[in-house]
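Reader: I have the sequence and the coordinates open. Walk me through the terms, please.

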Amino acid sequence: MPNHPFRRIRSTVAALAAGALAVTLVAAGATPAYAADDTERPTAPGPITVVAIDTTWVELTWAASTDDVGVVRYPVGARFEDTGAQYSTDTNSIRITDLRPSRTYTFSVWALDAAGNSSLSNPTLRLTMPPGDDQPPSAPGQPVAYDVAATAVRLRWAHSVENVALDRYEVFRVDAGGTLTRVREVYQYPPVNSAQISGLTPNTTYTFVVQARDEVGHLSPLSAPVTVTTLPPPPSCAVRSVVRQWPDGFVAHLVVENTGSTAVDGWTMTWRFWASQQVQGIWGAKVVDRLNNSYLRVGNTSRNAVIPPGGTVSLGLVATGTQLPEEITLNGGLCTVADE
């Protein structure tokens, strides 16, 4: 049959329609077929430059990358110390907001093409934001000493009031003549209002003050001082224990001997005691607190505070659970334990 001209026209129209549909699909965002075969990475973007900046935002730009197919977007990284965030733009510029005044950020940019190939990062830009704070923090609250031991003490204080952001607290020892010696910095963000001071001398009196510093570097007034005396060196001790146990509980009788040459005047004892355990009865001592839900701490009564050298003190405990007293300490000194 001869090739009818109208039939040829219909075939041509159908082919054109199919081509138009393919163009429409690509224009609607479908990945071009050749993108899957693209293995060449884009060139690295040019160096980052600052277009505009304020205390909490910055606008950056860079020379565009080139690619054999085409760059589809630029991931942008912003890092401060050990934290960071990532942004994205389909142009060679970006405005990043919600930054903090006076902080130093490191910015980096790289390019991605439609096949997912990534360029190398461009040279990073290290940038300190303009200061947005002209007020120092208020003085921290007067420190309170707790967990006093022979060579360490913990301090806590009320937070300073700051109009932008605190950077750290600094703890100072007040030496003779009022000289300040910094003994601890608390850098966590936001700064925690407590610190442990270690490396102290047993049976020695110390005075401490605390100062706050904001992100710009403004210093608060010093806090009111706190004076604390560390405990004597931990005594040498030995414990004899008699334990009667049942499936979910026990009763323990402990005889604690001061094996050192100095009398113990006031004492606390700790031993391993899980969070799931409960004290059902105690004598010869009183419960002070639980340490990290792993240890029980008890203290002397008014009748047995002093343990002379070679002397003993007896106490007992009824408790739930199967964790028997072990790792027993007396005023921070680890005791030897013998079962009877």
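Author: Start with R79, which stands opposite T106 in strand 6. This is a predicted model, where local features need pLDDT of at least 70, side-chain atom pairs count only at pLDDT 80 or more, and totals for chains, interfaces and linings use all residues. Residues are numbered from 1 along each chain as its sequence is written, and side-chain values use heavy atoms, with hydrogens and water left out.

Reader: Which strand pairs with strand 3 over seven bridges?

Author: Strand 4 (residues 83-89) does, in the antiparallel sense; strand 3 spans residues 71-80. G77 has Q86 in strand 4 as its bridge partner. Two residues lie between the strands of this hairpin, and E81 takes a positive phi near 50°.

Reader: And strand 8, how many bridges pair it with strand 6?

Author: Four, again antiparallel, with strand 8 at residues 125-128. Y105 has its bridge partner, L127, in strand 8.

Reader: What makes strand 9 and strand 13 edge strands?

Author: Their sheet is open, with three strands in the order 9-10-13 and antiparallel pairing. Strand 9 (144-146) and strand 13 (194-197) each have a single partner strand, so one side of each lacks a neighbour in the sheet. The twist averages 30° from one strand to the next (axes are lines fitted to C-alpha atoms; angles run from 0 to 180 degrees between N-to-C directions). Three bridges join strand 9 to strand 10 (residues 153-156).

Reader: Why is a space called a pocket and not a cavity?

Author: On a 1 Å grid over the protein atoms alone, a cavity is a set of points where a 1.4 Å probe fits but cannot get out; a pocket is an open set with protein on both sides within 12 Å along at least five of seven lines. The largest pocket is lined by 18 residues (each with an atom within 4 Å of a point), and D147, V148, A149, L291 and R297 lie nearest its centre. Strand 10, strand 19 (268-272) and strand 22 (295-299) each give two or more residues to the lining.

Methods:
Two strands pair if DSSP finds at least two bridges between them.
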